Amino acid sequence: MTVRIRPDLDQLPAYVAGRTVAGSLKLASNEVSAGPLPGVAEAVARAAADAHRYPDIGAARLTEALAAHLDVDPGRIAVGCGSVALCEQLIQITCTAEDTVVYPWRSFEAYPILSRIVGATEVQVPLTAEHAVDLDAMAAAITPRTRLVFVCSPNNPTGPALRRAELERFLDSVPSDVLVVFDEAYREFVTDPDVPDGVELTARYDNVLALRTFSKAYGLAGLRVGYAIGPAHVAEALRKVCIPFSINALGQAAAIASLAAQDEMRARCAAITAERVRVRDELIALGHAVPETQANFVWLPLGDRAGEFNEHCLAERVVVRAFAGSGVRITIGDAAENDLLLGAAKSFPLHG
């Protein structure tokens, strides 16, 4: 006899990380090229000297720093091991096998994985023809069994962000006992003033939670720190199910130091968003139907040719992120990196 494992895990989709290929440019994981912000490496080095001690289990200093930065009560904040861990915790605190989780698709690929692990029923809502979250269809998918709704804006991996009027209309229609998670991992790259701030929404709606991360704009993908801002009782429940000590001491120190480097972070994001416009314009000129994007990536809806484009880029020493049968997501790097990507795109036979 062998140890019995849940048989439904055989049907669990695997999370696919962006590939790292030696000697190639990696534009597959939405990392920032510039690395950690000023002061972060020094803060991590100081924290490493105490690596034999357990980290602060409640991330109190980081929570206080976030509360001051966001001007919210610290009781409304929960810190997690990356925003993906908080996604799992959110499903854990709201759902059982009798409940449903509603989310757009295609969107962040962890949503279906985490929903199935918990045992909740998934409701995937197709995107619009413009590769954006379809809020009318999302609202129609909510039933009395729905406990949690993920709304990703800007949407990963396609890029479009939701505007204020459509989002407020949606939130006004959602039952007050359903938690809406406004997943804005790419918030710092948003340049459209009509894209609302999730933290502001949490002050107006008692059933909205904003989810953010230090992995993207702050350059801490390798240290895994995310945070949630929402109703105090939801934040308290998130802290209850958090794995003890999962937010490590180096990550906490790095995140605190990152919050002190706002000017540098904003300058970094401005450079990326300027390059985003250039890359998208050039890809459109090549014949690609690139949707509007407010993130640090662009989406090529290549359908069945996604894998072919991926292999072509690999041959050109550029690593992108292909979603089989759907499209390709490409991270915006610095100018030189983007030139390499555009060179590879120019030699791809779009109508081959």
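This is a predicted model: local features need pLDDT of at least 70, side-chain atom pairs count only at pLDDT 80 or more; totals for chains, interfaces and linings use all residues.
Proline 13 belongs to the segment before S1. Leaving aside residues up to four places away in sequence, proline 13 is in contact with Ile113 and Arg116. Proline 13 and arginine 163 are 150 residues apart in sequence, and their C-alpha atoms are 31 Å apart in space.

Isoleucine 5 is also found in the segment before strand S1 (25-26). The relative accessible area of isoleucine 5 is 59%, so this residue is exposed. Together with Val3 and Leu9, Ile5 makes a nonpolar surface patch of about 310 Å².

## Helix H1

Helix H1 spans residues 40-48, and Val40, Ala43, Val44 and Ala47 are buried there. These residues lie on the same side of H1, because they cover an arc of only 100 degrees around the axis. An α-helix has 3.6 residues a turn, so residues three or four places apart point the same way.

What do the buried residues of H1 pack against? Their partner is helix H9 (249-259). The face of H1 turned away from the buried side carries Ala41, Ala45 and Arg46, which are exposed.

## Backbone exceptions

Most residues other than glycine have a negative phi, and most peptide bonds are trans. Alanine 59 has a positive phi, near 45 degrees. Alanine 59 lies in the loop between H1 and helix H2 (60-70) and is buried, at 1% relative accessibility. Phenylalanine 245 also has a positive phi, near 65 degrees. The place of phenylalanine 245 is the loop between helix H8 (232-241) and H9, and its relative accessible area of 35% makes it partly exposed.

Cis peptide bonds are found at two further places. The bond from tryptophan 105 to arginine 106 is cis, with omega near 15 degrees; arginine 106 lies in the loop between strand S3 (100-105) and helix H4 (110-118). The bond joining serine 153 and proline 154 is cis, with omega about -5 degrees. Proline 154 is in the loop between strand S5 (146-152) and helix H6 (164-173).

## Aspartate 183, a buried charge without a salt bridge

Aspartate 183 is located in strand S6 (residues 179-183). Aspartate 183 is buried but has no salt bridge. How far away is the nearest side chain of opposite charge? That side chain belongs to arginine 212, 8.8 Å away, and a salt bridge requires a side-chain nitrogen of Lys or Arg within 4 Å of a carboxyl oxygen.

Residues up to four places away in sequence aside, aspartate 183 touches Cys87, Phe108, Tyr111, Val151, Cys152, Ser153 and Leu211. Of these, Ser153 is joined to proline 154 by a cis peptide bond.

## Salt bridges at arginine 212

Side chains of opposite charge can pair when their charged atoms come close. The whole structure has 16 salt bridges. One of them pairs glutamate 184 with arginine 212, with the closest N and O atoms 3.0 Å apart. Glutamate 184 lies in the loop between S6 and helix H7 (198-204) and arginine 212 in strand S7 (residues 208-213), so the pair ties together parts that are 28 residues apart in sequence. Glutamate 184 is buried at 1% relative accessible area, and arginine 212 is buried at 7%.

Arginine 212 also meets aspartate 197 in a salt bridge, at 2.8 Å from N to O. Aspartate 197 lies in the loop between S6 and H7, so its pairing with arginine 212 in strand S7 ties together parts that are 15 residues apart in sequence. Both aspartate 197 and arginine 212 are buried.

Glutamate 282 forms a salt bridge with arginine 278, the closest N and O atoms being 3.4 Å apart. The two residues are separated by about one helical turn, because they are four residues apart in helix H10 (residues 262-285). Glutamate 282 is partly exposed, with a relative accessible area of 28%; arginine 278 is partly exposed as well, with 25%. Arg278 and Glu282 belong to a network of salt bridges that also links Glu275, Asp339 and Lys346.

## Histidine 233

Histidine 233 is located in helix H8. Is histidine 233 buried or exposed? Its relative accessible area is 58%, so histidine 233 is exposed. The C-alpha atoms of histidine 233 and arginine 76 are separated by 7.9 Å, although the two residues are 157 residues apart along the chain.

Terms used:
Residues are numbered from 1 along each chain as its sequence is written. Side-chain values use heavy atoms; hydrogens and water are left out. Patches are made of residues with over 30% relative accessible area and no salt bridge: like charges are joined within 9 Å, nonpolar side chains (Val, Leu, Ile, Met, Phe, Trp, Tyr) within 5 Å. Accessible areas come from the Shrake-Rupley method with a 1.4 Å probe; for residues, only the protein chains shown count as cover. Buried means under 20% relative accessible area, exposed over 50%, partly exposed in between (1.4 Å probe, protein chains only). Lys and Arg count as positive and Asp and Glu as negative; His and the chain ends are not counted. Contact means heavy atoms within 4.5 Å. The arc is that of the directions from the helix axis to the C-beta atoms.
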